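The following explanation leads through selected features of a protein structure. The reader may wish to keep the sequence and the model in view.

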Amino acid sequence: MLTRTLILITIKDYVKLKEMYGQSFVDLLEKELGESLASTAAANKARNMRVIRPAAGKAAFLVPQDNNPADIAYEYKTQAQKDLEPTMLRHTGLGIDLGMGFAPIPIAPDNDQWGAALNKALNTALRMESRPLNMNELSITSRFNTILVQGWVSAHYQPILDFRTDTILGWEALARGPEGSAFRSPVMLFQTAEELGRLFALEKLCREAAIRNVGELKDGQKLFLNIHPKTMADPSFSPGQTLDLMDKYGLTPDNVVFEITEQHSVQDFDLFYRALAHYRSQGFQIAVDDAGAGYSGLTLIAELQPDYIKLDKSLIDDIHKDPVKRALVETTATFADKIGSRIIGEGIETREQAICLKNIGVHCGQGYFLARPAAPKPDVNEECRHLKTVGDISNNIICSPPVGDLAKAPHAMEMSCLVASAHDFFRKNDTFTNIVVVRDNVPKGLVMEYHLNRQLSSQFGIALYHKRSIDTIMDKSPLIVDADMPVEQAARTAMKREHIKTYDDIIVTKKGLLYDVVTVQDLLNVLAKIQVEMAKGTNPLTGLPGNVAIEQEVETRIKQKRQFSIIYGDLDHFKVYNDTYGFKSGDRIIKLAADIMSWATRKHAPHDARLCHIGGDDFVLITPPDSVHKLCQSITRCFGRLVKSCYCMEDKERGWIRARGRDDKERRYPLVTISLGVIEIDGPCSLMEIGERAAHIKKYAKSIPGNSVAIDRRPAIGKSESATCRG
């Protein structure tokens, strides 16, 4: 016979919480408690779990008794505390305190005595939940102690992607207990450690596993280690032990970031901050985790002045749909830039979230979309690299040459060369401002002349560095770009570097090997010329690029052998409206059309779509073919709805205006509509061929009454043409 256990989980201080924060708040806690219990049950393969509410703030349920009943209850309580803690912190600034009770029911539900046995078990659990938790009742306690003694803790690693460079900044080490046990979950591990007063011993074990198994870290890459503030203030937490372990596995303090969660309170602030200052003096960096999850975020950030700020997942969820979250994160990123910190967005689960975060200036990202935690440490998924945003390519610059076109021949030195050789080279060659340090022609660092001179001009600079190898003074993380990267993208990346390196030269590679170097000044000069040229073709009314931009964009896409569509937009009955309502009102309708098409492009087209204004009431939108349908649908629907606001009430209500046409005869004319003609290009062709096909499909679109779309169904230009067009 299957024995069942009744588990009772309660929200302590329920009445006080209701009085202080209201019924809606405690209702939210109860809802989240039910969801947490159901989630834990599902993870334990406990099906058809039904939660009953014996009283407000209390949840009881039955589960199979496949373990010590106290252990079962403790697992549900621990996970629920973890799940409810963010809501408590967000609303109250306090942690959550849950109670637990349990009682086995030795008879089956079909037994006549089932009802009485259930009531008896519930009363037993209710009496038990009011008592303080006795960890000695749990067999899980002895299993936890065995884990500590045997060292049965492993580390999984989750990568953190630098959005600016598309390279891995580092990995966060995440603790895992023995596979197949309740302690596989870090929640169970650390909650039990805190209950038993063994937090420092567990963190020491986790830290050792993380450092021992992380493997090679490249120059500039980091290992993020989660540290509870209580352990940092523990007298047993000796930085010397950590340094010895790191030295054994080839790591330096520059590789390690201590990650402190804002959700954990610090009892002895003075001791904690003194310990923190000591570790920083050793070269370690600091990150604040879960920023935004509770009240203490800004206070803790101001006190710690961290090197990294990790945003809580609650801020990342649906950020691409939530303008309030977006504004908050954007403000935080600006704030971080001003205090010299870097933002890491945690819990990224979708491509849309990643693109949104990158677009608003978040420096780095982490989450399941990039990679799940694993051992050995994983790379990020390939689709996460080269995420393109609207901000990646300026709307005012349609085309720019690759950076390799303006790079200059570099001077390279092997890593074994001495600083004295570099110093001597600069004295004899005044046309060079940099030396690229290489290993087998692969760039490993950069030495700028001004930086070397600053190093050597210090009191003991010559004595300290002259006879040492060049890698001791080089910049180990210079900006390295591929020769095919567009100039504007390289310039934007360069300007995002830390202030002291903003104008350092840029190393250019081809297939990973040293190719050239380029100065930031050269990049900016080229961009300035491009912007001047593009400005000549910018429409003064809409601010959109014009004919020059269209020609350059089309020619570039054909040269790159890209398949694309061109949507030609033209306003119908516009001249009649312009003559009747005046030029100012006519400009208003043109601006309305431009705004609607711009909005639709941002919403439905990829980042590389381009909207241009030919002149008058004619527009061109260049986009990949798969976004044509949504674009055209959004533009025609939106324009048809909003254009009515440009008419007087009488004309709007009757749906037409009385005016004189080109033949000077007065008649009825419909309200202004928009016609969209679509053609597709998929191969080599001339601008003349495109123009002829476009004129034909645009004429056909305008022959359709109302807001209309006509898509050319013939084979794409550049391929054989045999079909006819269809609206």
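**A sheet, a strand residue and the cysteines**

In this predicted model, strand S15 pairs with strand S16 (residues 506–510) in the parallel sense, over three bridges. Within this pairing, Ile480 stands opposite Ile507 of S16. In general, the strands of a sheet pair through backbone hydrogen bonds, in either a parallel or an antiparallel manner.

The two strands belong to an open sheet of three strands, ordered S15-S16-S17, in which the pairing is mixed. Strand S15 (480–482) and strand S17 (513–518) stand at the edges; each has a single partner strand, so one side of each is left without a neighbour in the sheet. On average, and with direction ignored, neighbouring strands of this sheet are turned by 40° against each other.

Attention may now pass to strand S23, which spans residues 673–681 and contains Thr673. The relative accessible area of Thr673 is 11%, and this residue is classed as buried because the value is under 20%. Neighbours within four places in sequence aside, Thr673 is in contact with Asp570, Leu571, Asp572 and His573, as well as with Phe639, Gly706 and Asn707.

The cysteines form the last topic. A disulfide is a covalent bond between the sulfur atoms of two cysteines. A search of the whole structure finds zero disulfides. Is Cys364 buried or exposed? Cys364 is buried, its relative accessible area being 0%. Cys417, by contrast, has a relative accessibility of 25% and therefore counts as partly exposed.

Notes:
Residues numbered from 1 in each chain as written. Predicted model: local features only at pLDDT ≥ 70, side-chain atom pairs only at ≥ 80, totals over all residues. Heavy atoms only, no water. Disulfide = S-S within 2.5 Å. Buried < 20%, exposed > 50% of the residue type's maximum accessible area, 1.4 Å probe, protein only. Helix = DSSP H or I, 4+ residues; strand = E, 2+ residues; numbered from the N terminus. Contact = heavy atoms within 4.5 Å. Pairing = 2+ DSSP bridges. Axes fitted to C-alpha atoms, helices over the stretch in contact; angles between N-to-C directions.
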